[in-house]
Amino acid sequence: MWAGSSDTGDEDKQKAWQPPQQQTKQQPLRQQQYLQLSQNNPYSRSMLVNAFSGTYGINYGRIADNIPSPESVVTLLKAAKIKNIRIYDANQAVLKAFSGSGIEIIVGLGNENLKDISVGEDRAMNWIKANVDPYLPGTKIRGIAVGNEILGGTDLELSEVLLPAAKNVYSALERLGLAKLIEVSSPHSEAVFANSFPPSACVFREDVSQFMKPLLQFFSQIGSPFYINAYPFLAYKNDPEHIDLNYATFKSNRGIHDAKTNLHYDNMFDAMVDAAYAALEKAGFPKMDVIVSETGWASRGDENEAGADVKNAKTYNKNLRKRLLKKKGTPYRPKKPVKAYIFALFNENLKPGPTSERNFGLFKADGSIAYEIGFTGLVPSAASPSLHSFKVCVS
């Protein structure tokens with residue numbers, strides 16, 4: 001979740017990015033098949049890539065040694081009618097298991113790979129040929145997230161290589177004829193903002209802007225949205241004395257009034273999304289879409305982690321699901337349906353950090369539901385013929 005860095009651009013990074021020339025050679029059969037399949041997809045007919053065709057997705061993290069196998073996860077997601085997921089790598093077993101499932105996936109190019117990928121397009125091409133190309137078109141890889149929460153932290157070197165890495169990934173996709181089918185993006189934490197209250201006052205941190213603006217310029221040119229990891233839970237945990245729990249969990253409350261826009265907010269999630277829109281507008285990108293790449297609520301926590309319990313996690317995630325399935329916009333962008341990936345699919349027992357980090361899952365490690373929000377867990381087939389019994393993933 002929280003992490004980050006910043007980006008010091010040299011002259012090359014500040015120049016307007018120019019897409020490479022279209023490849024004139026015949027595309028490999030695999031790309032031809034993927035292009036043909038995607039032409040039958042209404043979302044691919046627009047000029048922009050749409051890596052998230054629904055409004056409710058989920059993050060499938062696997063920092064655990066006791067969670068169900070990828071094959072069982074496909075069964076689980078199909079039963080839950082979840083068609084969009086994000087993973088934090090490009091795991092071979094996962095991508096193979098999801099072949100033919102119809103589930104759309106954003107894969108992750110890890111922070112540890114950014115320096116190498118930033119060196120040249122050939123490095124990005126090698127990564128794509130090893131981690132993306134072999135699984136097309138059977139597995140619906142619709143996006144590559146380049147890094148995670150890079151900007152806003154202390155690792156300036158990572159911040160400096162983020163933009164060239166993203167450009168190299170896009171250029172490689174362009175050469176393969178996949179740039180209009182596979183989105184290139186990079187999710188950010190709330191640490192990129194100087195402030196976010198009220199929403200209209202939100203602005204990027206000054207030390208982040210030098211890296212963020214060139215990145216946004218590039219993403220604007222290739223049609224990518226702005227991904228933000230937005231956690232009302234973290235805001236409440238850090239300041240429970242001043243934040244209304246009902247406001248953070250979509251329950252009835254007085255809400256807040258933004259005097260500048262004269263808009264009323266009855267939940268923090270919408271306010272966080274509109275804060276991102278406000279920051280983008282001030283940075284010169286008023287037409288860029290905002291997608292929530294992570295949001296969730298911990299069902300357990302340490303004594304000093306206010307609000308981390310099953311009741312609040314259930315309330316937040318149940319109300320959030322209802323809100324997203326309505327396909328409505330926010331007060332500031334009422335015509336833009338909000339899209340979000342929930343964090344996370346499973347409790348992950350090997351994650352470092354406070355207890356909350358290991359307890360964000362909608363499902364427990366055994367595949368059963370962590371709490372009731374309308375999903376069916378993986379149970380023995382004798383008890384529920386609609387779902388298969390699961391295999392444990394040991395990787």
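Below is a chat about the sheet and helices of a predicted model.

Biologist: What should I know about the model before we start?

Modeller: This model is predicted: local features need pLDDT of at least 70, side-chain atom pairs count only at pLDDT 80 or more, and totals for chains, interfaces and linings use all residues. Residues are numbered from 1 along each chain as its sequence is written, and side-chain values use heavy atoms, with hydrogens and water left out.

Biologist: OK. How many strands form the sheet, and in what order?

Modeller: Nine, in an open sheet: E5-E4-E3-E2-E1-E13-E12-E9-E6. The pairing is parallel. Strands (E, at least two residues) and helices (H or I, at least four) are DSSP runs, numbered from the N terminus. Two strands pair if DSSP finds at least two bridges between them.

Biologist: Which strands are at the edges?

Modeller: E5 (183-185) and E6 (188-189). Each pairs on one side only.

Biologist: Take E1. What does strand E1 pair with?

Modeller: E13, over three bridges, and E2 (residues 84-86), over two. Both pairings are parallel. Gly57 has Tyr341 in E13 as its bridge partner. Asn59 has Arg86 in E2.

Biologist: Which way do the E1 residues point, and are they buried or exposed?

Modeller: Tyr56 and Ile58 point one way, Gly57 and Asn59 the other. All are buried, meaning under 20% relative accessible area with a 1.4 Å probe, protein chains only. In a regular strand, side chains alternate between the two sheet faces.

Biologist: Switching to helices. Which strands does H7 lie across?

Modeller: H7 (residues 156-175) lies across E3, E4 and E5, at about 155° to E4. Axes are lines fitted to C-alpha atoms, for helices over the stretch in contact, and angles run from 0 to 180 degrees between N-to-C directions.

Biologist: And how do H6 and H7 cross?

Modeller: The axes of H6 (residues 121-131) and H7 come within 8 Å and cross at roughly 65°.

Biologist: Which residues meet there?

Modeller: From H6, Glu121, Ala124, Met125 and Ile128. From H7, Asn168, Val169, Ser171, Ala172, Leu173 and Arg175. Contact means heavy atoms within 4.5 Å. The residues of this contact divide into six nonpolar, two polar and two charged. Ala, Val, Leu, Ile, Met, Phe, Trp, Tyr, Cys and Pro count as nonpolar, Asp, Glu, Lys and Arg as charged, the others, Gly among them, as polar.

Key: Buried < 20%, exposed > 50% of the residue type's maximum accessible area, 1.4 Å probe, protein only.
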